[in-house]
Amino acid sequence: MRFADLHLHTIFSDGTYTAEELISEVAKSGINTVAITDHDTVEGIVPCLKAAGEKDIEVIPAIELTAEHDGLEIHILGYFIDYESGSLREKLNFLKANRRERMHKMVDKLKKMNVAIDADEVFELAAGAPAGRLHLARVLVKSGYVRSIYDAFHKYIGDQAPAYICGFRLKPSESIELILRNGGIAVLAHPYSMKRDDLIPLFVDYGIRGLEVYYPEHTKTMTQHYKDIADKYGLLITGGSDCHGSVKPDVQLGAIKLPYSFVEKLKQEKTKMR
């Protein structure tokens with residue numbers, strides 16, 4: 001059987017794997033198909049396609065867009081997106097600038113808590129990638145303010161923590177429209193994290209075509225719950241590990257091994273859209 005992991009990150013967003021390292025790890029994992037779903041960027045797709053080269057590894061071009069609904073952070077996956085689209089890249093440049101602005105605001109909050117972090121340290125670590133909380137957490141660890149990434153989120157920058165700012169400019173409807181306009185299939189990522197299942201019908205109205213049902217933090221009960229919701233609304237089912245490399249050591253590539261039949265259904269949906 002062929003298996004897929006449809007949620008992976010590289011150094012082009014907030015992961016620690018280069019394209020070459022990621023594909024090397026994929027080759028060892030028993031996974032045959034991967035989706036590169038970096039946050040608000042498609043820059044990692046071509047390097048991963050090149051790294052896959054002659055290997056028996058299929059790379060699906062994808063993205064994970066971050067949106068905001070009533071102060072709630074929402075993540076929308078876009079599969080088979082036209083990563084060469086000029087209009088998409090223009091919008092992603094806007095989102096990258098927005099992430100810089102957000103990072104400055106979080107760093108300012110930290111300074112008021114006597115945590116003396118310089119935003120330039122975060123941007124230097126991001127090395128041109130859209131700056132995110134994992135970058136900030138790594139700087140907090142490096143600077144000795146916390147012992148671990150988990151501590152950084154728990155104490156300072158988690159969703160309910162004092163230095164957290166949502167501040168994303170796209171609404172879920174806009175993220176979904178951006179994916180659809182650029183030929184992608186929009187899927188709601190790790191729906192448990194919203195803790196707002198009542199929003200799923202609204203997102204279906206916006207054009208969501210799938211749910212990320214299989215996810216490391218989903219219990220068996222959660223998985224069945226989201227399967228049922230997917231069936232209710234006629235949605236596709238996807239899954240992935242959300243691997244970020246060494247920065248999240250508990251989440252290993254291939255933690256989710258999705259049967260290839262789910263990829264085939266995504267491809268059938270893509271064919272319908274043409």
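Start by selecting S85 and S87: their side chains make a polar contact at 3.0 Å (a pair of N or O atoms within 3.5 Å; within protein, one must be able to donate a hydrogen and the other to accept it, and residues adjacent in sequence count only if both atoms are side-chain atoms). S85 sits in the loop between β4 and α3; helices (H or I, at least four residues) and strands (E, at least two) are DSSP runs, numbered from the N terminus. With a relative accessibility of 9%, S85 counts as buried, where buried means under 20% relative accessible area, exposed over 50%, and partly exposed in between (1.4 Å probe, protein chains only).

A word on what you have open: this is a predicted model, in which local features need pLDDT of at least 70 and side-chain atom pairs count only at pLDDT 80 or more, while totals for chains, interfaces and linings use all residues. Residues are numbered from 1 along each chain as its sequence is written, and side-chain values use heavy atoms, with hydrogens and water left out.

Stay in that loop and click on F80, which also lies between β4 and α3. F80 is not a glycine, yet its phi is positive, about 60 degrees. For context, most residues other than glycine have a negative phi. F80 counts as buried, because its relative accessibility is 15%.

Now select residues 86-112, helix α3. This helix has 27 residues and spans 40 Å from its first C-alpha to its last, close to the 39 Å expected at 1.5 Å a residue (the expected span is 1.5 Å times one less than the number of residues). Color its buried positions: L88, L92, L95, N98, R99, R102, M103, M106, V107 and L110. What do these buried residues pack against? Show β3, β4 (72-79), α4 (119-126), α5 (133-142), α6 (149-157) and α7 (172-181), and you have the partners; contact here means heavy atoms within 4.5 Å.

N114 is in the loop between α3 and α4. Is N114 buried or exposed? At 67% relative accessibility, N114 counts as exposed.

Next, go inside. The largest nonpolar core has 64 residues, and L6, Y79, L188 and L211 have the most contacts inside it. Such a core is a set of buried Ala, Val, Leu, Ile, Met, Phe, Trp, Tyr and Cys residues joined through side-chain atoms within 4.5 Å. Strand β3 (residues 58-69) supplies the largest share of this core, six residues. Apart from it lies another core, of 24 residues, including I117, V122, A126 and I149. Center the view on Y79: leaving aside neighbours within four places in sequence, its contacts include L6, A35, I60, I185, V187 and L266.

Time for charges. Side chains of opposite charge can pair when their charged atoms come close. The whole structure holds 13 salt bridges, each a side-chain nitrogen of Lys or Arg within 4 Å of a carboxyl oxygen of Asp or Glu. Here are some to display:

- K267 and E58 meet at 2.7 Å, N to O. This pair links distant parts of the chain, with K267 in helix α10 (residues 260-273) and E58 in strand β3, 209 residues apart.
- E73 and R133 meet at 3.4 Å, N to O. E73 is in strand β4 and R133 in helix α5, 60 residues apart, and both residues are buried.
- D198 and R196 meet at 2.8 Å, N to O. D198 counts as partly exposed at 48% relative accessibility, and R196 is partly exposed at 32%.

Then select E73, R102, R133 and D159 together to see a network of salt bridges.

Move along helix α5 to R138, which is partly exposed at 26% relative accessibility. R138 touches G15, T16, L125, I149 and V247, not counting residues up to four places away in sequence. Draw the distance from R138 to V247: they are 109 residues apart in sequence and 7.9 Å apart in space, C-alpha to C-alpha.

For the last stop, show the cysteines. How many disulfides are there? The count comes to zero, a disulfide being a pair of cysteine sulfur atoms within 2.5 Å. For C243, the nearest cysteine sulfur, that of C48, is 12 Å away. C243 is buried at 2% relative accessibility, and C166 is buried at 7%.
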